[in-house]
Each structure stands twice: as C-alpha cells, then as structure tokens.
Amino acid sequence: MKYQQKKDAVVLLEDGSVFFGKTPNANSSEVQTSFGEICFNTGMTGYQEIFTDPSYFGQIMVTTNAHIGNYGTNADESESNSPKISGLVCKNFSMFPSRVNMDKSLVDFLTESNLLVVSDVDTRALVEHIRENGAMNAVISTETNNIEGLHAQLAKQPSMKGLGLANQVSTKEIYDLFNETDQTKVAVLDLGVKQNILRNLKKRNCSLKVFPFDTSYEELMSWKPDALFISNGPGDPEPLTNAIQIAKKAIEEDFPLFGICLGQQIISLALGIPTEKMHHGHRGINHPVLNLQTGKGEITSQNHGFVVEKSAAESSDLIEITHKHLNDDSIAGFKVKGKPCFCVQYHPEAGPGPNDATYLFDQFIDMIQKK
Ligand SMILES: NC(=O)CC[C@H](N)C(=O)O
C-alpha cells in the first residue's frame with residue numbers, strides 16, 4: 001500500500017497551544033514540518049477549490065467540515081495550478097474517496113505538492129481557540145518530540161501583517177484568454193487570481209489579458225483595454241504599492257475598474273482609506289451580506305483576513321458603501337462616487353460557494369458599456 005500507517009503529528013500555535021493528531025501522508029522515514037498563519041474555513045464542501053485558491057498562500061487551513069477527501073479531486077475544479085495552502089488540519093481524512101468524475105484522491109493531490117496533512121485533530125477545540133484568541137502563526141510537524149525547538153523556529157516566522165505575497169502567486173508572464181466573439185477587453189492585474197473569476201469574465205464575452213502584479217499602469221494601458229480588474233490574492237494589501245498606484249491612476253483617469261477582495265482593499269488604499277488586520281477573518285461559503293442598494297440579502301463565499309477600516313470608510317466622502325456584512329457590519333462592498341469603479345470584499349465568482357452575487361460581473365460589463 002502506498003500510504004502505510006498514520007504517523008503522529010502536532011499542531012503548535014504561536015501562543016504555545018498544542019493539538020495532537022496523525023498524518024496520513026508523511027514519508028515514514030523523514031521529518032516533515034510546515035509553517036503558516038493558522039485559519040479555518042467553515043465550508044461544508046469545496047475543499048479542492050479552497051486548497052487551490054492563491055489567496056490562502058502562506059496559511060495552514062483548518063477545515064470545520066468533519067470529513068475531508070471523501071469525493072477526491074478533479075483537475076477541472078482547481079482555482080490555480082496547484083494547492084496553495086501551507087498545510088491542512090482536519091478531523092477525518094478519507095483515504096477511500098468515491099465519486100464518478102474524480103481523477104485523483106486528495107491524499108495524492110496534496111502529497112504531490114509536498115503538503116502535510118494532519119488529521120484526527122480535535123478541530124472543534126482548535127477552531128474555538130482561534131476564534132477566541134485570533135489569527136496567529138502555527139507550525140504542523142511530525143516532529144512531535146521537539147515542541148520547544150519547533151516553538152523557537154515558529155517565533156522567527158514573519159507575521160501576516162505587513163507581508164506582501166502577490167509576488168509568490170502572480171503570473172510571471174503576461175498571457176491572453178481570447179474568444180472569437182469577445183467584445184470587451186479587460187486587463188486583469190493578477191495578484192493571485194482565481195480561475196473562476198476569469199471564467200466568469202470570459203462567459204460575458206470578455207477578452208482577457210492577465211498581467212503580473214508588478215506591471216506598470218502604462219504597460220497595462222498600452223494594450224488599450226476597455227477596463228481594468230484587480231484580483232483577489234494573499235497577504236497584506238499595504239505593501240502592494242504598485243497595485244495601489246495602478247488603482248489610483250485608473251480612478252483619476254475615470255477608467256473602469258472592478259476589484260474583488262484584495263482588489264477592494266487595494267482600491268481602498270488608493271483612496272487613502274486604510275485597511276486593518278481582522279481578529280480571525282471571514283472564511284466560508286455562507287456569509288450573509290446586505291446589498292444596501294436593493295435592500296436584498298446575499299449569501300456569499302468569503303476568504304479574507306484583512307478588511308477596510310470601517311470608521312474611515314464611513315466618514316470618507318469619496319465612496320458610497322454598497323454592501324455590509326450582516327454578522328459584524330464590516331464593509332463588504334463600495335463604489336467610488338462619480339467614478340466607474342466599484343469593488344467587493346467577498347467572492348461573487350464563488351468556487352466554492354453560492355452564486356447569489358454573480359450579478360456583479362454583469363454590473364461590471366454594464367459599467368464598461370456605459371463608459
Ligand atoms: N481573498 C482575498 O483576496 C484575500 C485578501 C487578503 N489577502 C486578506 O486576507 O484579506
């Protein structure tokens with residue numbers, strides 16, 4: 001058998017808390033260790049989309065759904081070319097997946113990318129701990145007898161606050177996604193873009209050119225796009241000065257601009273409205289949002305650990321807040337007054353998650369056509 005016996009493993013948090021589990025995929029003769037910021041996702045399904053979402057780069061994912069891996073993986077369902085999390089912590093990890101259209105087991109999918117899985121963890125206690133004590137760095141390891149040594153190494157890891165990570169996940173080369181029937185040229189600034197965003201734009205007859213995170217505004221414009229899109233992505237938005245400059249120029253020049261998640265944070269910083277680190281973030285597929293323009297609720301997919309500073313957003317006369325998160329009243333979306341520019345903190349593309357908010361892509365196309 002390819003994977004023999006489960007080996008003991010540990011989840012150690014920055015505050016010294018220790019949770020024990022087993023790993024189904026560590027090489028039995030080697031020690032394996034991985035660092036990252038610990039976070040949890042409450043989605044009951046969609047683990048492959050979550051693990052391959054580039055916004056999770058640098059994070060160890062705890063899944064609250066008790067069964068992970070039971071429907072395997074399928075190459076068509078990835079949000080990028082490989083898993084992007086730093087490691088997985090779960091309760092029950094299935095070694096015997098079953099689904100008609102799966103092409104690989106989750107254990108193979110993750111092991112091929114050298115990703116450590118720690119299962120059999122009391123994830124309810126772990127999640128409660130993160131909820132109460134906030135986001136922090138953690139290490140997962142098969143080195144269960146060296147807690148002190150691991151803790152010393154963990155103390156040297158950088159904090160997620162202040163960390164720019166788009167350079168780790170953005171495309172290295174410019175690439176095109178064209179359709180015969182394409183009508184609208186959209187330049188995508190790739191800070192870690194999810195495939196489902198590109199699919200949603202293509203579905204609406206957009207010709208896309210995807211640019212690396214450090215492309216200049218002038219180079220983006222030299223393609224003569226009709227609009228600009230700033231993507232989701234990992235890390236703190238604040239160090240992404242080039243992206244912030246691009247948003248600033250687009251807004252100044254009345255150039256159509258749409259941003260999702262990290263994209264919203266970048267647009268906010270471009271307007272001088274600061275962002276801040278949240279206590280433990282929003283990550284799941286049933287986050288309720290109120291659309292303040294229609295008065296309707298939307299159930300949304302979310303994945304963010306930073307947020308636009310609420311008091312600064314509310315007192316800014318540059319923006320109109322269009323969406324609010326119904327759990328904590330945080331800023332879920334805004335538009336820039338008098339400019340063809342809007343953004344949301346959540347994921348209208350879903351992947352995974354509900355499709356309540358896909359109208360935002362239509363709104364983007366309408367905005368471009370009006371312009
Ligand atoms: N999904 C995203 O774009 C996340 C944005 C940012 N990295 C955050 O955690 O808030």
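**Ligand site, backbone and burial**

Modeller: Cys261 is buried, with a relative accessible area of 4%. Keep in mind that this is a predicted model.

Biologist: Which value does phi of Cys261 have, and in which loop does Cys261 lie?

Modeller: Cys261 sits in the loop between β14 (257-260) and α9. In general, most residues other than glycine have a negative phi. Cys261 is not a glycine, yet its phi is positive, at about 60 degrees.

Biologist: Asp120 has a positive phi too. Is Asp120 buried, partly exposed or exposed?

Modeller: Asp120 is placed in the loop between β8 (117-118) and α3 (123-133), and its phi is near 60 degrees. Its relative accessible area is 34%. Buried would need under 20% and exposed over 50%. Asp120 therefore counts as partly exposed.

Biologist: What is the omega of the peptide bond from Gly351 to Pro352, and is that bond cis or trans?

Modeller: Pro352 is in the loop between β19 (341-344) and α11 (359-370). Most peptide bonds are trans. For the bond from Gly351 to Pro352, omega is near 5 degrees, and the bond is cis.

Biologist: Which atoms of Ser55, Gly235 and Gly305 face the ligand, and at what distances?

Modeller: The cut-off for a polar contact is 3.5 Å between N or O atoms. Ser55 uses a polar side-chain atom, 3.0 Å from a nitrogen atom of the ligand. Gly235 uses a backbone N or O atom, 2.7 Å from a nitrogen atom of the ligand.

Biologist: How much of the ligand does the protein bury?

Modeller: Taken alone, the ligand exposes 300 Å². Of that area, the protein buries 97%.

Biologist: What kind of space does the ligand take, and which elements give two or more residues to the shell?

Modeller: The ligand takes the space of the largest cavity.

Biologist: Within helix α6, is Lys203 buried or exposed?

Modeller: Lys203 is found in helix α6. Its relative accessible area is 64%, and the cut-off for exposed is over 50%. Because of that, Lys203 counts as exposed.

Biologist: Where is Asn200, and how far is Asn200 from Asp362 in space?

Modeller: Asn200 belongs to helix α6 (residues 195-203), and with a relative accessible area of 4% Asn200 is buried. Asn200 and Asp362 are 162 residues apart in sequence. In space, C-alpha to C-alpha, they are 9.5 Å apart.

Biologist: What separates the C-alpha atoms of Met61 and Val89?

Modeller: Met61 lies in strand β4 (residues 59-63) and counts as buried, at 0% relative accessibility. Met61 and Val89 are 28 residues apart along the chain. Their C-alpha atoms are separated by 6.0 Å.

Biologist: With which side chain does Ser330 make a polar contact?

Modeller: Ser330 is in the loop between β17 (319-325) and β18 (331-336). Its relative accessible area is 10%, so Ser330 falls under the 20% limit and is buried. At 2.8 Å, the side chain of Ser330 makes a polar contact with the side chain of Asp328.

How values were computed
Residues are numbered from 1 along each chain as its sequence is written. This is a predicted model: local features need pLDDT of at least 70, side-chain atom pairs count only at pLDDT 80 or more; totals for chains, interfaces and linings use all residues. Side-chain values use heavy atoms; hydrogens and water are left out. A polar contact is a pair of N or O atoms within 3.5 Å; within protein, one must be able to donate a hydrogen and the other to accept it, and residues adjacent in sequence count only if both atoms are side-chain atoms. Accessible areas come from the Shrake-Rupley method with a 1.4 Å probe; for residues, only the protein chains shown count as cover. On a 1 Å grid over the protein atoms alone, a cavity is a set of points where a 1.4 Å probe fits but cannot get out, and a pocket is an open set with protein on both sides within 12 Å along at least five of seven lines; lining residues have an atom within 4 Å of a point. A molecule sits in a cavity or pocket if more than half of its atoms lie within 2 Å of its grid points. Helices (H or I, at least four residues) and strands (E, at least two) are DSSP runs, numbered from the N terminus. Buried means under 20% relative accessible area, exposed over 50%, partly exposed in between (1.4 Å probe, protein chains only).
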